[in-house]
Amino acid sequence: MFFKKKKADSLNSMNQENIEEREMIPADTEDFINEMKKRLHNSADLNIKDRPNGITLIFLDSLIDNKMLHGDILACLHDGKVSPDQILKDINVSNVAKYPFIVEAVDTMLKGAVLIHTSGHPCIVSASIGTQEHRSLTRPENESQVLGPQIAFNESLATNISLIRRYLTNPNVCNESFSLGKQTNSGVSILYMKGIADEEMVDRLRERIKNIKVDSVLDSSTLVQLIEDNSYAIFPQMLMTERPDRACSWLLNGKMIVLVDGSVQVIGCPQTFIEFFQSMEDESVRWQIATFLRLMRIFSMIVSIFFTAIYVAALTFHYEIIPQTLLVPLGESRSRVPFPPIIEALLLEAMIELLREAGARLPTKVGQTMGIVGGIVVGTAAVEAGFTSNILIIIIAVSALASFTTPNYMMGNVIRVLRFPLIILAGLWGFYGLMIGFCFLLIHLIRQTSLGTPFLAPFYPPRFADWRDSIIRLPIGFTNLRPLQARPKDRFKYRIRKSNKKE
Amino acid sequence: MKVLIEPKPQNMVNTFLLIFVVHSMQLGVGIQGFQRIIYLEAKHDAWISVILSGVASAIVGFVMVKTLAAYACSDLYGIQYDVFGKWLGNLMNILYVLYSLGGFHVIVRNYIEVIQAWVFPELPNWLLSFTLVFLVFYGLNGGLRTIVGVSFFSVILSLWLILLLAYPFQFTNWDYLFPILESSVTEILKGAKQMTFTIIGFEIIFVIYPFLKEKDRVHKHMQYGLLFTTILYLGLMVVSLAYFSGGQLERTIWGTLSLFKIVRFPFIERFEYVAITFWVLLILPNLMFYLWSASRGIARIVGKKEKKINWLLLAFLYLSLLYPLNRMEINMMNDYFAKGAFYIVFCYPFLLFAAVLIKKKFFRKKGGANVENSN
């Protein structure tokens with residue numbers, strides 16, 4: 001409850017600041033230049049160019065395109081007395097505007113505009129001629145797949161939106177932009193499809209983004225933690241993707257996406273738990289294969305969370321449940337191990353985590369060596385030295401492998417960390433502890449919401465029509481309904497009868 | 001206290017989910033060992049007792065829904081207040097709250113006993129009850145939707161346990177069931193009465209009714225839930241009767257758990273360890289709903305928020321669970337609770353229904369407008 005109060009407070013303070021900062025632009029050139037210099041603290045790249053007829057150009061060298069400055073601005077400014085309105089007409093740049101306030105002027109300049117001040121007029125004309133520094137579009141690295149488009153978002157907001165607009169040539173794609181962060185003023189955009197997305201949901205998201213009062217938004221992954229429903233939760237409640245086609249499929253299902261300038265990942269919401277285990281490729285392959293893959297991912301999630309813990313519980317407390325034929329090899333391999341199963345398991349799990357973490361930060365070439373040293377040398381040595389049992393190595397390797405099948409990196413991380421508390425619970429109270437852990441996770445998941453919609457849908461609350469595209473995927477003819485999760489205004493993607501005629 | 005309540009739309013749940021709520025509430029610790037208790041009364045005709053108790057639950061369920069339907073949107077607490085007046089009504093409300101708290105206590109006691117008898121003899125009471133109380137607290141904080149969700153998943157995720165009945169099924173001897181109707185009618189009826197402890201739980205409808213979305217479909221889904229439970233109990237009873245011999249059944253305290261003993265997979269034996277620990281998930285909805293209905297009752301009487309009362313009740317229950325009881329005392333407690341539950345669940349609803357009917361008939365014209373159903 002105290003969160004709401006905080007948000008209200010921050011809103012008030014924001015309004016007050018705005019009123020204070022609404023300072024008009026001085027009409028006098030000298031005053032204006034001094035003011036600008038003061039505001040930018042005599043920055044070295046602040047370029048001030050006086051023209052004879054009372055026109056002053058101010059811009060940041062580092063941000064603007066020199067070619068445009070010469071060709072489209074300087075060449076168009078006439079000599080003689082001119083008014084700002086005249087300049088507005090003369091300049092050959094598409095993005096030109098007139099501003100009366102200093103704050104706005106500084107803002108646009110910081111985004112790559114040149115400010116044109118005319119002596120005697122309390123306003124400036126700003127023309128955007130900023131350079132677009134961005135790398136070229138590349139293949140998706142984190143969500144690579146064999147089928148489907150091979151293109152990923154990059155760090156430029158404009159490019160990312162243009163990518164989406166290419167996929168969805170539709171006037172109903174709405175784009176609302178905000179700037180966030182007291183220090184960074186990063187551009188943030190909400191995209192949604194009018195006529196499909198639920199207006200109430202869009203309002204909710206808009207409110208959440210507007211109410212954020214932070215210093216900086218450097219990446220969408222930090223923004224998502226600010227706008228998701230419960231930032232204390234174990235599981236992420238909003239999905240991020242770097243694939244434009246996936247973002248578009250969300251839009252088409254009535255969801256909203258949030259783009260942040262300077263970040264590769266876009267945020268999609270509302271999402272369900274099950275969507276963290278889906279990949280875009282499931283749509284491209286045959287439905288039988290997609291179903292198989294999805295079921296396998298769910299299975300491997302369960303395996304990677306519980307497998308080691310079950311081993312620990314069974315070997316610490318419940319020897320009876322292991323059949324005799326299995327007990328003999330287990331006993332043989334454990335006979336040399338001096339530790340109780342919980343220590344043994346935690347030791348090895350920690351080692352795997354070390355390997356993974358070390359490998360993640362290293363250059364690829366060194367990373368490979370790392371894998372060989374860690375996996376083969378240390379693993380074999382640990383068994384030979386009698387530190388761990390062979391069977392545990394297999395179990396841990398399988399559960400590590402299984403945790404990589406989760407298509408989403410964030411969820412993969414959660415799963416790999418969740419193992420530790422469960423191993424400890426299993427080591428303390430056997431299957432009972434494991435079950436307590438499981439029930440806690442279940443209640444926790446039931447309690448979560450994503451943008452106010454239930455996180456475990458379509459399973460709870462049960463929406464049987466949406467099960468067709470959940471942990472299974474039925475043939476494309478059956479998945480003609482948009483999931484209810486985002487409360488789409490138009491439930492039908494297409495009508496089966498009309499689209500199914502193949503002659 | 002207001003007789004009628006208007007729950008917020010975001011707290012309402014689909015009527016369809018009532019099936020799961022009713023079924024998961026009925027399924028609890030009773031099922032772990034109901035075979036012996038019924039067998040002692042009705043011998044090998046115990047399965048008839050199960051059917052009779054199922055029929056009785058259906059009738060009582062019908063009466064309960066009819067009672068609730070006489071009001072637009074009210075629960076047991078409001079109805080008792082309206083029918084019996086302020087003092088007597090609130091006294092009845094407190095009795096029902098006590099009954100709910102008793103249900104919670106009895107379930108935790110029985111489950112802890114099972115855990116200590118089968119899996120961890122040394123694990124102390126305070127730890128086991130603390131973990132359960134913690135889970136209940138965490139779930140209750142999520143509101144009614146979370147509790148209903150837990151009961152939904154508890155049913156769905158434990159359906160596979162039914163399939164395991166196939167293992168004892170291989171070793172059944174159907175001769176044990178014959179001759180049919182050897183026991184007298186009174187014995188069978190007594191057996192049916194002994195089912196009380198196992199079959200109760202559906203009285204949750206009294207409290208959850210205002211929170212269901214489509215009121216006209218409540219009765220249908222209630223009956224589905226009851227039917228599902230009855231079929232499950234019947235199947236379990238028949239398999240147990242045919243699997244165990246009479247003498248064995250008399251000495252088997254936890255018949256259902258003993259059935260799991262022979263389940264055997266290539267990678268797992270002695271399945272009862274898994275089943276018993278898995279039972280946490282089956283008793284969680286019971287605990288949550290009992291505590292929820294108790295704290296709702298107090299909240300309705302006192303007029304405070306439920307969340308604060310949850311704290312107090314759970315702390316109180318936790319302390320009461322620390323008091324050591326031996327096997328005999330737990331048995332006695334079960335019997336007392338079952339006796340009380342028999343009157344509260346199987347007899348009292350008829351009385352209440354009659355009272356509501358009388359009130360409706362004779363006091364309609366005297367401006368008791370708020371009790372009338374809107375149609």
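Predicted model: local features only at pLDDT ≥ 70, side-chain atom pairs only at ≥ 80, totals over all residues.
Residues are numbered from 1 along each chain as its sequence is written, while chains are lettered from A and ligands numbered from 1 in the order in which they are written.

Here is chain B in brief.

| Chain B feature | Value |
|---|---|
| C-alpha span along principal axes | about 65 × 45 × 35 Å |
| Secondary structure | 17 helices and zero strands |
| Buried residues | 49% of the 375 residues |

Helices (H or I, at least four residues) and strands (E, at least two) are DSSP runs, numbered from the N terminus. Buried means that 20 or more other C-beta atoms, placed from the backbone, lie within 10 Å of the residue's own.

Now for where the chains meet. 18 residues of chain A are in contact with 26 residues of chain B, contact being C-beta atoms, placed from the backbone, within 7 Å. On chain A's side, helix H16 (residues 409–447) of chain A gives the largest share, 10 residues.

Chain A also has an open sheet, with five strands in the antiparallel order E6-E7-E9-E10-E8; strands pair if DSSP finds at least two bridges between them. Its edge strands are E6 (173–180) and E8 (239–241) of chain A.

Terms used. Contact = placed C-beta atoms within 7 Å. Buried ≥ 20, exposed ≤ 12 C-beta atoms within 10 Å, placed from the backbone.
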